[in-house]
Amino acid sequence: MFNVFGSKNVLGVDIGTASIKIAEIKKGSPKPKLLNYGMLEASAHLERPNEAIQASSLKLSERQTAEALKELLNQTKITTKDVIASIPSFSSFVTFFDIPVMSAPDTQKVVSFQAKQYLPLPLSEIEIEWIKVGEKDTEEGKKQQVLLISVPKEQIIKYQNIFKIAGLNLKALEIEGLALARALIGSNDTEPILLADIGCYNTNIIVVENSFLRYNNFTDYAGASLTRAIANGLGIDARRAEELKKNRGLLAAAAEAELSTLLLPFLDVIIREAKRAINSYQNSSGTSIKKVILAGGGANLLGIEKYFERETGLEVEIGNALTKVDYPLELEPMAREVGNTFAVAIGLGIK
Ligand SMILES: Nc1ncnc2c1ncn2[C@@H]1O[C@H](COP(=O)(O)OP(=O)(O)OP(=O)(O)O)[C@@H](O)[C@H]1O
Ligand SMILES: [Mg+2]
């Protein structure tokens, strides 16, 4: 959405439910370069979930978010002003449909007409964009597969205000799924891959095939569900539960094995969503998913890769967006964590 631009450095901004992450990217070839990055984590939501930065049921406070962004820019000494930001899954509406192959202008007309039947709001209140993501032969002839993205204008205005207050130029907005796909899927990966971005209050589940986003869904079971399970199960406060989750994960020693017992039912809900996506995609595309990539803070849970592998029967790896950029040598010791945690922000920055 909006225009692409000519300037050299871009700031990818990922406003999540519990943190704001930014990645400063310098355009370049053969690879763009990650110049700087930073994250501001909110923690008040641990005790009071309604203090999350945003959630499907919450309104994003423009001024507070802008202030947080300014603070983050101060801390990181980043001066780049041109921003590409992500729109969370719960603020957008994504759908896929097939139409006959035709010229781009005709496709435009047909998509606008078709869009009306898929959209939750009248066209006057919504901004739409479509992308052709594939072609397939059917009994009725060759069809093109269209990804339709719509975002309420109210939401777009909100983002424009946030960046204006923060003194930044919002150049483009993009749904998280597209940024994730760009950051984590290699151009040689032609087979379909399932990607699960386990955040704090949201898990995004997408399928990418031939570099195109082909399935996009989300569930609100995510990192916070796991923390809550520990807090409730052990009768401890959320901060302590968060600490235990991060330090021990699924690899707790025998004395703490209870931790896994508490975590697994919630992890299973996320895995069930992933399996549902796999089945749904395989049924409609006729292709089969062989690999799962995990991303987001939740992918740092110790032992998650093995458990996902066992439950899905697929190869599982942790996403690394740093393969798409050059980065300073000093970053090497933290590469694994940065490449995963900043996937959306980096994906936006290299658009
Ligand atoms: N080492 C770790 N082990 C387990 N969980 C972790 C670890 N590190 C971070 N997390 C969890 O990751 C979550 C935050 O992930 P992330 O930063 O991707 O969220 P977000 O982008 O702010 O949220 P969302 O994507 O839902 O909007 C928190 O629930 C946090 O507890
Ligand atoms: Mg996120």
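## Ligand contacts

A backbone N or O atom of Gly298 lies 3.2 Å from an oxygen atom of ligand 1 in this predicted model, a polar contact being a pair of N or O atoms within 3.5 Å (within protein, one must be able to donate a hydrogen and the other to accept it, and residues adjacent in sequence count only if both atoms are side-chain atoms). A polar backbone atom of Ala18 is 3.2 Å from an oxygen atom of the ligand, and for Asn202 the corresponding distance is 3.1 Å.

There are 20 residues around ligand 1, of which Thr17, Lys21, Glu242, Lys245 and Gly297 come nearest; a residue is near a molecule if one of its heavy atoms lies within 4 Å of it.

## Basis of the model

The model is predicted: local features need pLDDT of at least 70 and side-chain atom pairs count only at pLDDT 80 or more, while totals for chains, interfaces and linings use all residues. Residues are numbered from 1 along each chain as its sequence is written, chains are lettered from A and ligands numbered from 1 in the order in which they are written, and side-chain values use heavy atoms, with hydrogens and water left out.

## Domains and their interface

The chain is assigned domain 1 (9-92 + 152-349) and domain 2 (93-150), with bounds from an automatic or database domain assignment. Their C-alpha centres lie 27 Å apart. The contact (heavy atoms within 4.5 Å) takes 12 residues from domain 1 and 18 residues from domain 2.

Between them, the two domains bury about 1,200 Å², 62% of it on carbon and sulfur atoms; buried area is the accessible area (1.4 Å probe) lost on putting two parts together, summed over both. Four residue pairs, both members at pLDDT 80 or more, are in polar contact across domain 1 and domain 2. On the side of domain 1 that touches domain 2, helix H3 (153-165) and strand E11 (212-219) each supply at least two residues. The largest share, five residues, comes from E11. Helices (H or I, at least four residues) and strands (E, at least two) are DSSP runs, numbered from the N terminus.

## Backbone geometry

Most residues other than glycine have a negative phi, and most peptide bonds are trans. The peptide bond from Ser29 to Pro30 is cis, with omega near 5°; Pro30 is found in the loop between strand E2 (19-26) and strand E3 (33-41). Lys77 has a positive phi, near 60°, and is placed in the loop between helix H1 (62-76) and strand E4 (82-87).
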